[in-house]
Amino acid sequence: MDTILSDIEQKAHRLSINMNGDICRDSNQRPLCGGFADVYRGTMWSTGEHVAIKGIRAGLMGDVAIKRVLREIFIWSKLKHDNILPLLGITTDFDFTMSIVSPWMQLGNALDYVQNEAVDPRPLFGGIASGLNYLHTRKPPIFHDDLKGANVLVSPDGYAVLADFGLSSLACSSLASNMGTSFTGGTVRWMAPEVMKDPTAKATVEGDIWAFGMTALELFTREAPFAAIQSIPAVVLKVIRGAPDVRVTNLLVFA
């Protein structure tokens with residue numbers, strides 16, 4: 001592991017995204033636990049800015065996965081758009097793993113944000129669409145591949161900021177090595193039918209657009225797509241058969 005971390009540090013330095021020694025992690029706050037990482041709040045010593053420190057789970061730190069995630073992170077560091085979460089850099093100072101550093105979003109993710117019934121989710125949709133369009137019009141195109149409410153953060157001004165694009169493949173590549181197969185990215189309830197039919201399918205614009213529709217449904221209803229169905233295989237079967245998640249009675253009605 002020491003060799004891997006040393007290699008990461010050297011590569012991060014060459015890419016000008018090495019933040020070792022400049023990040024202080026808040027030890028009094030419990031981390032937010034995600035599918036492949038734990039997120040802590042911290043502070044950047046040089047600026048005093050509050051930051052999010054996303055520590056990749058040590059079990060995902062194989063050589064192939066690291067090369068992939070460093071490539072994704074380097075691409076991310078070059079993106080500049082109001083609806084894309086900025087990447088500040090990476091650090092290997094915590095928990096014997098690599099951590100991704102980005103601005104701290106106090107309002108949290110979009111799904112949590114809309115649990116307040118006074119919040120109208122519709123203004124978020126324009127920001128999500130704008131961020132996706134920015135990614136899709138890069139040369140070559142960039143695909144989010146895991147769009148859902150939990151991966152859309154809300155800025156202090158209340159607009160949508162896309163996060164975690166491309167990084168779901170890191171977790172999935174590790175799962176595939178342990179289980180023999182896996183979806184290439186994304187979360188099943190938000191996946192397009194063609195991805196469900198072919199777990200090895202590559203990310204596409206069409207897949208992101210489907211996930212955008214599922215995210216809109218999620219934010220309007222304030223719960224995950226197909227929330228009434230507990231079984232993931234049952235969700236897959238329903239989507240492949242073309243049966244929509246129709247919850248008209250749960251949709252919010254706005255004047």
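Because the model is predicted, local features need pLDDT of at least 70 and side-chain atom pairs count only at pLDDT 80 or more, whereas totals for chains, interfaces and linings use all residues. Residues are numbered from 1 along each chain as its sequence is written, and side-chain values use heavy atoms, with hydrogens and water left out.

The chain contains eight helices and eight strands, where helices (H or I, at least four residues) and strands (E, at least two) are DSSP runs numbered from the N terminus. Of its 255 residues, 46% are buried, a word that here stands for under 20% relative accessible area, with exposed meaning over 50% and partly exposed the range in between, computed with a 1.4 Å probe on protein chains only. Among contacts (heavy atoms within 4.5 Å) between residues at least 6 apart in sequence, 62% join residues at least 24 apart.

Two strands are said to pair if DSSP finds at least two bridges between them. Strand β1 (residues 23-25) runs antiparallel to β3 and is joined to it by three bridges, with C24 having T43 as its bridge partner. Strand β2 (residues 32-33) is also antiparallel to β3, through two bridges, and here L32 stands opposite V39.

Turning to the helices, α4 (residues 122-136) and α7 (residues 205-221) pack at an angle of about 165°, with their axes 11 Å apart. Axes are lines fitted to C-alpha atoms, for helices over the stretch in contact, and angles run from 0 to 180 degrees between N-to-C directions. Angles under 35 degrees count as roughly parallel, over 145 as roughly antiparallel, 65 to 115 as roughly perpendicular and the rest as oblique, and α4 and α7 are therefore roughly antiparallel to each other. On the α4 side the contact includes F125, I128 and L132, and on the α7 side it includes I209, F212 and L219.

Finally, some backbone positions in loops deserve a look. A cis peptide bond, with omega of about 0°, joins K139 and P140, and P140 lies in the loop between α4 and β7 (152-154). The loop between α7 and α8 (232-240) holds R222, which has a positive phi of about 65° although it is not a glycine, and which counts as buried because its relative accessibility is 15%. F226 is found in the loop between α7 and α8; its phi is near 55°, a positive value in a residue other than glycine, and F226 is buried, with a relative accessible area of 4%.
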